[in-house]
Every structure is written in C-alpha cells, then in structure tokens.
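Hi,

Here is the structure I promised to pass on. Have a look at it first, and then read on for what I found in it.

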Amino acid sequence: DLLNREMDKIYRDNFVKLNSFCQQLFRLVFLGKKMEEIAKTLILKNKHTARNRKYRCSQELIQLMKKDSRYRELKNLD
C-alpha cells in the first residue's frame with residue numbers, strides 16, 4: 001500500500017510537468033469521455049488523432065517518470 005501511494009505521488013508530481021494540452025486530454029480520459037468527444041473538445045480532426053495524441057502524451061509522461069530518481073528507486077525494490 002505504501003508503495004502504491006508513493007508511486008501515485010510520483011505520478012502526480014510528473015503529471016503537472018506535462019504541457020497543458022496533455023493534462024487536459026488526460027483529465028478528459030479520466031472522466032471517461034469517449035475519443036470522439038475528446039477530439040471535439042480539444043479541436044482535433046477525429047478520434048484517431050485524439051488516440052494518437054493520447055499515446056504521445058502517455059509516452060511523454062512515462063519518460064518523465066523514468067527520469068525521476070524516486071521512480072527508479074521504487075522500481076529497484078520490485
């Protein structure tokens with residue numbers, strides 16, 4: 001449980017480092033919005049573009065987390 005809470009903290013700390021577009025996209029995803037709705041809200045061409053942008057934002061977040069020394073430390077505990 002402590003490990004999950006610490007990982008959540010690392011995730012949140014790195015989430016705020018994302019650009020505002022990625023943050024807004026993830027918030028819509030977390031709210032359970034469909035890709036069509038996300039595309040319309042973010043003024044994207046279609047749901048495929050929204051899905052592609054979600055993937056790129058996810059990759060950016062993963063890279064930020066991998067650079068975080070706390071994340072690397074926790075991963076070494078596994």
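This is a predicted model: local features need pLDDT of at least 70, side-chain atom pairs count only at pLDDT 80 or more; totals for chains, interfaces and linings use all residues.

The buried residues of H1 are covered by, among others, helix H2 (20-30), helix H4 (47-67) and helix H5 (69-77). The residues in question are Ile 10, Asn 14 and Phe 15, which are buried in H1. They sit on the same side of the helix, because the arc they cover around the axis is only 135 degrees. As for its dimensions, H1 runs over residues 2-15, 14 residues in total. From first C-alpha to last it reaches 20 Å, close to the 20 Å expected at 1.5 Å a residue.

A search of the whole structure turns up one disulfide. It joins Cys 22 to Cys 57, with 2.0 Å from S to S. Cys 22 belongs to helix H2 and Cys 57 to helix H4, so the pair ties together parts that lie 35 residues apart in sequence. The torsion about the S-S bond is about -75 degrees, so this disulfide is left-handed. Both ends are out of the way: Cys 22 is buried, and Cys 57 is buried too.

Now for the inside. Which residues have the most contacts within the largest nonpolar core? They are Ile 38 and Leu 42, in a core of 19 residues. Each of H1, H2, H3, H4 and H5 supplies at least two residues of this core, and the largest share, five residues, comes from H2.

Ile 43 is in the loop between helix H3 (35-41) and H4. Phi of Ile 43 is near 55 degrees, which is a positive value in a residue other than glycine. Is Ile 43 buried or exposed? With a relative accessible area of 75%, Ile 43 counts as exposed, since the cut-off for that is over 50%.

Cheers

How values were computed:
Residues are numbered from 1 along each chain as its sequence is written. Side-chain values use heavy atoms; hydrogens and water are left out. Helices (H or I, at least four residues) and strands (E, at least two) are DSSP runs, numbered from the N terminus. The expected span of a helix is 1.5 Å times one less than its number of residues. Buried means under 20% relative accessible area, exposed over 50%, partly exposed in between (1.4 Å probe, protein chains only). The arc is that of the directions from the helix axis to the C-beta atoms. Contact means heavy atoms within 4.5 Å. A disulfide is a pair of cysteine sulfur atoms within 2.5 Å. A nonpolar core is a set of buried Ala, Val, Leu, Ile, Met, Phe, Trp, Tyr and Cys residues joined through side-chain atoms within 4.5 Å.
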